Amino acid sequence: MFGWRCGVLVPWMNRTVEDELPQLLLTAGVGLHWARLRPNPLPSGPDDETYLARMVREVPDAIASLAPADLDLLVLACTSAALEPIAVRTRVPMVTTFEC
């Protein structure tokens, strides 16, 4: 049984966080629930300057997809997205990778 339920927002192409974060929290009694930030449309290439803003716009929908999990905390696990202003209200605290 988990004591805390944590929602983790990750970029659509990131696989590292899903592998490493559970190992760090294995004995901490934290249940992890994942949501992908998938920009629409997907990046046109490595120099796509609008990619980050489009991904940040997906944050509210990703949070909404986690609502049934009755979370205690949200983590935005994307350093680049954490640099962008994110205007979203949540009923639980949300931290970024800079604050973890």
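**Exercise 1. In which loop is proline 41 found?**

Solution. Start by noting that this is a predicted model. Then follow the chain past S2: proline 41 sits in the loop between S2 and H2. The peptide bond from asparagine 40 to proline 41 is cis, and its omega is near 0 degrees.

**Exercise 2. Work out which elements the protein chain has and in what order they run.**

Solution. Begin with the tally: the protein chain holds 4 helices and 4 strands. Next, trace them from the N terminus, and you will read β-α-β-α-α-β-α-β. Then turn to the contacts between residues at least 6 apart in sequence: 60% of these join residues at least 24 apart.

**Exercise 3. Find the buried residues of helix H3 and say where they lie around its axis.**

Solution. Helix H3 spans residues 59-66, and its buried residues are Val59, Ala62, Ile63 and Leu66. These residues cover an arc of only 100 degrees around the axis, so they lie on the same side of H3. Finally, ask what covers the buried residues of H3. The cover includes strands S1 (4-11), S2 (30-37), S3 (73-76) and S4 (94-96), together with helix H2 (51-56).

**Exercise 4. Describe the backbone and the exposure of aspartate 70.**

Solution. Second, check its phi, which is near 50 degrees, a positive value in a residue other than glycine. Third, consider its accessibility. Partly exposed covers the range between under 20% (buried) and over 50% (exposed). Aspartate 70 has 42% relative accessibility, so it counts as partly exposed.

**Exercise 5. Decide whether the radius of gyration of the protein chain agrees or disagrees with that of a compact globule.**

Solution. For 100 residues, a compact globule would have a radius of gyration near 13 Å; the protein chain has 14 Å, which agrees. Buried residues make up 35% of the 100 residues. As for the surface, the accessible area comes to about 6,500 Å², and 55% of it belongs to carbon and sulfur atoms.

**Exercise 6. How far apart are the mean positions of the positive and negative charges?**

Solution. Count the charges in the protein chain: there are 8 positive and 12 negative. Then compare their mean positions, which are 6 Å apart.

Note on methods:
Residues numbered from 1 in each chain as written. Predicted model: local features only at pLDDT ≥ 70, side-chain atom pairs only at ≥ 80, totals over all residues. Heavy atoms only, no water. Helix = DSSP H or I, 4+ residues; strand = E, 2+ residues; numbered from the N terminus. Rg over C-alpha atoms; globule rule 2.2 N^0.38 Å. Buried < 20%, exposed > 50% of the residue type's maximum accessible area, 1.4 Å probe, protein only. Contact = heavy atoms within 4.5 Å. Areas by Shrake-Rupley, 256 points an atom, 1.4 Å probe, with all protein chains shown as cover. Lys, Arg positive; Asp, Glu negative; His and termini not counted. Charge placed at Lys NZ, Arg CZ, Asp CG, Glu CD. Arc of directions from axis to C-beta.
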